[in-house]
Amino acid sequence: MRSADLHRAFAAAVALAAALCFAFFSSQRARAQAPVDESAGAINLGGRGWSATETKRATDQGPSQLEFDFRGGFATDYIYRGTTLSDHKPAVGAAIEAAFAHFYAGAAVASVKLPTQPAAEISMNGGVRQTIGNIDFDLGVTYFLYPGEIPGANVDYWEAVIRADKRISESIRVAGGFGYSPNVSNTGAWSWYAAGGLGFIVPSNLLTPDVGVSISGAAGYSWFGNQSQEFGGFPLPAYLNWQAGVTFSRKVFNLDLRYYDTNLSKEECFVFTGDPGAQPGGRIDPVTNPDGLVSRWCSATIVAKLWFALK
């Protein structure tokens, strides 16, 4: 797809989503109260894309019936574990998931702006959700594809993640998880990711009907092995990322306002992301960054994300 076509498709998707949301929120409140999307109370531990992986729990699934979940929307930025995948520009995405008993499979597509210039990011995932005691576990595998990259480039890879969610009280939840990839972004380097988070759901009796509000935050740490020799043979920089925000929901619509940041320096950010728009003027490292290039792709960011979720 040509760049101009992608831009037109992006603009059309944003305009359509904005029009739908404006019509929805400006309409009169329905007399009968509809269920609030459970994803509003989810704790984001660093999941990628628009999939339902981090918003669904074992207790949300039917014991023996096939269920489908569809979601889509747009965000002012696409942030993944503290770094932007859209050059701090707006992004759109959509996903579908099928679940039966404890098993699930899904696919998602999102717009990205990466150094290899793919047309989009496509992720395919599957796994199992199981409640043990009073803890919801999720063990899943996701494969990330980036079609349309520049000739010779290939950053496709897979990652396995396990996470656990526990409800402390009616309003408080905690979550933790680990992720592993043997070849992150096809660099030859293995990666580990550990994260934990806390969420608070505002009691419904303090809110108007059909409206949900939740507050959540999480922090994660990533560390890596050595890249292949063609990429320098040195390890990618380990780093800490954190985020916190508030989610508003009304029926099938959700609005999330969130702050993201990392402890990566601007020089380390270039080494980690390969930002093609990086500028000189930073600290020179003869091995990892001989030109002293700096990137803003890992800097503090506030993101607004608006999406709908249907079952």
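Contact here means heavy atoms within 4.5 Å. Keep that cut-off in hand for what follows. The model is predicted, so local features need pLDDT of at least 70, side-chain atom pairs count only at pLDDT 80 or more, and totals for chains, interfaces and linings use all residues. Residues are numbered from 1 along each chain as its sequence is written, and side-chain values use heavy atoms, with hydrogens and water left out.

Start with Asp138. Leaving aside residues up to four places away in sequence, Asp138 touches Thr53, Lys56, Tyr104, Val128, Arg129, Val161, Ile162 and Arg163. Asp138 sits in strand β7, residues 135-145. Strands (E, at least two residues) and helices (H or I, at least four) are DSSP runs, numbered from the N terminus. Is Asp138 buried or exposed? Asp138 is buried, because its relative accessible area is 6%. The cut-offs are these: buried is under 20% relative accessible area, exposed is over 50%, and partly exposed is in between, with a 1.4 Å probe and protein chains only. The side chain of Asp138 also makes a polar contact with the side chain of Tyr104, at 2.6 Å. A polar contact is a pair of N or O atoms within 3.5 Å; within protein, one must be able to donate a hydrogen and the other to accept it, and residues adjacent in sequence count only if both atoms are side-chain atoms.

Val161 belongs to strand β8. At 30% relative accessibility, Val161 is partly exposed. Beyond four places in sequence, Val161 touches Asp138, Leu139, Gly140, Phe178 and Gly179. Trp192 is 31 residues from Val161 along the chain, and their C-alpha atoms are separated by 9.7 Å.

Now step back to the fold. The protein has two helices and 14 strands. Twelve strands form a closed barrel, in the order β1-β4-β5-β6-β7-β8-β9-β10-β11-β12-β13-β14, with antiparallel pairing. On average, neighbouring strands of this sheet are turned by 20° against each other, direction ignored. Axes are lines fitted to C-alpha atoms, for helices over the stretch in contact, and angles run from 0 to 180 degrees between N-to-C directions. Two strands pair if DSSP finds at least two bridges between them. Strands β13 (residues 253-262) and β14 (residues 301-310) pair in the antiparallel sense over eight bridges. Arg258 has Val303 in β14 as its bridge partner.

Two loop residues deserve a look. Ala101 lies between β4 (91-100) and β5 (103-110). Its phi is near 55°, a positive value in a residue other than glycine. Ala101 counts as buried, because its relative accessibility is 15%. Asp210 is in the loop between β10 and β11. Phi of Asp210 is near 70°, also positive in a residue other than glycine. At 1% relative accessibility, Asp210 counts as buried.

Next, the largest pocket. It holds about 930 Å³ of space. Of the 39 residues that line it, the closest to its centre are Val155, Ser185, Thr187, Phe272 and Thr273. A pocket is an open set of points on a 1 Å grid over the protein atoms alone, where a 1.4 Å probe fits, with protein on both sides within 12 Å along at least five of seven lines; lining residues have an atom within 4 Å of a point. Helix α2 gives the largest share of the lining, four residues.

Finally, buried residues make up 46% of the 311 residues in the protein.

Key:
Grid points are joined across faces, edges and corners, and a volume is the space filled by probe spheres set on the points.
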